[in-house]
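Visitor: I would like to go through this model step by step. Please start with the terms and then take the parts in turn.

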Amino acid sequence: WSALVATRIASVLHGRVTWQQVVYMSLHNPNMVSFEVSYVNVSFEYRNSTVGRSNSVDAVVVRPGRVRDVVITLLFAPKVSEVVSMWAAYRQGTLELQITYVLSGHVGMYPFSNRTGSAFLSAAGGLRSDRELCKC
């Protein structure tokens, strides 16, 4: 515990609070052919400032008509002032994070890259996604 506390104190003294979070990201394939995702990058933004981002994942194949869960490790490193602001917004029920992702891979021998999308995560009401722009 002392190492954990020392790490947290050191990061706060440098103006940031950092932690890692493991999450599942579901990849949905409504198409009639499999596709392979070779790169995934996810970022979390609060008030136009990036407060968290992911590392890339190993290649994963998503079969036709299926949903495949992928484990992603997120590193959050907001500034102390952002943590205070996020905490206040959370207590008021107004905290919203914008989640942006980039996917690359291929369908058969045809590559696709930089497929992007975004959604808003609200502490008051869960995930809100604008599906109008979705190519699914």
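Predicted model: local features only at pLDDT ≥ 70, side-chain atom pairs only at ≥ 80, totals over all residues.

Visitor: In which loop is Asn48 found, and is Asn48 buried or exposed?
Guide: Asn48 is found in the loop between E2 and E3. Exposed means over 50% relative accessible area. Asn48 has 74% relative accessibility, so this residue counts as exposed.

Visitor: What is phi of Asn48?
Guide: Most residues other than glycine have a negative phi. Asn48 is a residue other than glycine with a positive value, and its phi is near 65°.

Visitor: What pattern does the chain follow along the sequence?
Guide: The chain has two helices and eight strands. Read along the sequence, they give the pattern α-β-β-β-β-β-α-β-β-β.

Visitor: What share of the contacts with a separation of 6 or more is between residues 24 or more positions apart?
Guide: Contact means heavy atoms within 4.5 Å. Among contacts in the chain with a separation of 6 or more, residues 24 or more positions apart account for 61%.

Visitor: Which residues does Val40 touch, not counting residues up to four places away in sequence?
Guide: Val40 is one of the core residues that touch the most other members. Leaving out residues up to four places away in sequence, Val40 touches Met25, Ser54, Asn55, Ser56, Val57, Ile72, Val102 and Leu103.

Visitor: What separates the C-alpha atoms of Glu45 and Gln98?
Guide: Glu45 lies in strand E2, and at 23% relative accessibility Glu45 counts as partly exposed. Not counting residues up to four places away in sequence, Glu45 touches Thr50, Val51, Glu96, Leu97 and Gln98. Glu45 and Gln98 are 53 residues apart along the chain, and their C-alpha atoms are separated by 5.1 Å.

Visitor: How far apart in sequence are the parts that the pair of Trp19 and Phe76 ties together?
Guide: A search of the whole structure finds three aromatic pairs. Trp19 and Phe76 form a stacked one, 5.2 Å centre to centre with 15° between the planes. Trp19 lies in strand E1 and Phe76 in strand E5, so the pair ties together parts separated in sequence by 57 residues.

Visitor: Which residues form one aromatic cluster with Trp19?
Guide: Trp19 counts as partly exposed at 33% relative accessibility, whereas Phe76 counts as buried at 10%. Trp19 forms one aromatic cluster with Phe44 and Phe76.

Visitor: What is the area of the nonpolar surface patch that includes Val71?
Guide: Val71 is in strand E5 (residues 66-76) and counts as partly exposed at 46% relative accessibility. Val22, Tyr24 and Val71 make the patch, with an area of about 340 Å².

Terms used
Residues numbered from 1 in each chain as written. Heavy atoms only, no water. Patch = residues over 30% accessible without salt bridge, like charges linked within 9 Å, V, L, I, M, F, W, Y side chains within 5 Å. Areas by Shrake-Rupley, 256 points an atom, 1.4 Å probe, with all protein chains shown as cover. Salt bridge = Lys/Arg side-chain N within 4 Å of Asp/Glu carboxyl O. Helix = DSSP H or I, 4+ residues; strand = E, 2+ residues; numbered from the N terminus. Buried < 20%, exposed > 50% of the residue type's maximum accessible area, 1.4 Å probe, protein only. Core = buried A, V, L, I, M, F, W, Y, C linked by side-chain atoms within 4.5 Å. Phe/Tyr/Trp six-rings, centres within 6.5 Å; stacked < 30°, edge-to-face > 60°.
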